[in-house]
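Trainee: Could you take me through this model, setting each term against its definition as we go?
Mentor: Gladly; let us begin with the picture itself.

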Amino acid sequence: MSTEQDSAGMSRRQLIRHGAWFGAAVVLTVAGGEVISHVAGSSGAAQPARPALRFAQISDSHIGFKGPANTNVADTFTHAIGQVNSLGYTPDFVIHTGDLTHLATPDQFDQVKQMLTGLNTPHVFTVPGEHDSTDDAGQKYRQAFGAGTQGDGWYSFDVGGVHLIGLVNTLSFSTAGGGHLGNDQLDFVQKDVAGLSSDTPIIVFSHIPLFAMYPAWGWGTDDAAQALSYLKRFSSVTCLNGHVHQLFTKTEGNVTFYSATTTAYPLPAPGQGPAPKPVTLPAGKLHDALGIREVSYIKGQQALALKDQKLT
Amino acid sequence: MPAMSGMASPPASASATPADSPAPQGGTAVSISNFKFNPATLTVPVGTTVTWTNKDEEPHTIAAKDGSFHSPGIDTNGTYSFTFATPGSYDYICSIHPFMNGTVVVTK
C-alpha cells in the first residue's frame, strides 16, 4: 500500500508531530486554526514522559438550575471551563459525563452546547444524564450531541493506545430505580472489545455509576455487571461517572470506579438525609464542593493517574 | 421578612384545576416534596383532573408505568395536570428519580 502524500496528509503529519499522537489530529484540522496554533504553542517546552493520553472530565453542569444551592450555574460552569483551559496543556479531549442541562429544554441544550465551545480542546465527548432525557428518551440530547454515536447515543474510540467507551444508562430504569444499559448496548460492548488485546487500557464513561454506590437513591446500574463481565480479561479498566455530585472511588477486581464532582451544586453523601436533594452550603463554600478532573495515562503503567481540582 | 403563607403561585401558563369543578373531598392534588409523592396513592372518580405540584428544589416528572401519561420536567413550584378518562389503577414514577413511586386509582 502506498502512503498518501498530498497536502492534507502533510498537514496531518505536522500535527501529529506537534501533538505527539494519533488520529484525533484529523479532528484538529477540522477544528481550524485556533486549536492548531494552541497545540503548537504548548509543545514548545521539553516534556519528558509525555502521557500517551491526557484529558479532562467535567460533569453535572445542570444548566437551567435555579435554586439557593447555586444561584448561577452558568457562572460556575464558565469557571470550570476556564480552569480546564488553564491546565497548562491542551487536553486531548474533554468528557462531560452528563446532566449537561437541568430540564432538557431546547434553550438549555443550546446554551450548554454554546458554552462547551469555549473549551480549548480538539474534541468534547458527552454522555446523557437523566436530566438530559427527562421526557423524550434522549431525543433532544441526541439532536444536540448525538452526532457520530450508535444506538441511543453510545460510542467508542481509541486515543494513544487506550480504548474509550461512552455508555448511556439514563434512558430506561431498573425496577429498583437505578440506571440501565439494556441488551442492545450490552451487545455493543461485547462486540466492541472483542478484537482488543487484553493489555489495552479501557476507560468507560457513563452518567450513573456502574457500581452500586447507593441503590436506594438510584446510584447504581442494574445490568452493569453484565457489561463489566466483557471487560474481565483486560488488565486495566477504569470507569468514570457523574450523577452523584461528589468524589468517590472504589476498586472491584480489575475495575476501578471514580465518581466525579459537579460544576453546579453538591448532593448529600449516600443516605445522609431523606433524599438526594441539592445541598446549600454556607456562603463562600460552594466552589470547594465543585471541580474538574484531569486524567492521564502513561504507556506501560497499568493505572491511570487522576487528579481532582476544586473549582477556583 | 414576611412569613410565607401557602405555596408560591405557579406561573400563569401552568395548567391548573379549573375553578368551576370544586375539588371533591379527598382532593385532586398530589404534592411532591422530599422526593416523595403525597399522597402516594390518590383515589379519584373517572373524569377527574389531578394536579401535581413540585415543592422540591430538584425537578421531577410524572411518568405512567404503562406509558399513558408523561409530564415534562416539572421545576420547583411548577405543576402538571392530567385528566383521567378511564377507570383503573395507574402506577407512576418520576423518570428523573425512578425510585419515587405513586399511584392514582380511578374509580367509576
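Mentor: In chain B, 4 strands form an open sheet in the order 2-1-4-6, with mixed pairing; strands here are DSSP runs (E, at least two residues), numbered from the N terminus. This is a predicted model, in which local features need pLDDT of at least 70 and side-chain atom pairs count only at pLDDT 80 or more, while totals for chains, interfaces and linings use all residues. Residues are numbered from 1 along each chain as its sequence is written, and chains are lettered from A in the order in which they are written.

Trainee: What makes strand 2 and strand 6 of chain B stand at the edges?
Mentor: Two strands pair if DSSP finds at least two bridges between them, and strand 2 (36-38) and strand 6 (79-83) of chain B each have a single partner strand, so one side of each is left without a neighbour in the sheet.

Trainee: Why are the buried residues of helix 4 of chain A said to line one face?
Mentor: The buried residues (20 or more other C-beta atoms within 10 Å of their own) are A:Val73, A:Thr76, A:Phe77, A:Ala80, A:Ile81 and A:Val84. Seen down the axis of helix 4 of chain A, they fall within an arc of 145° (taken from the directions from the helix axis to the C-beta atoms), so they line one face of the helix.

Conventions:
Buried ≥ 20, exposed ≤ 12 C-beta atoms within 10 Å, placed from the backbone.
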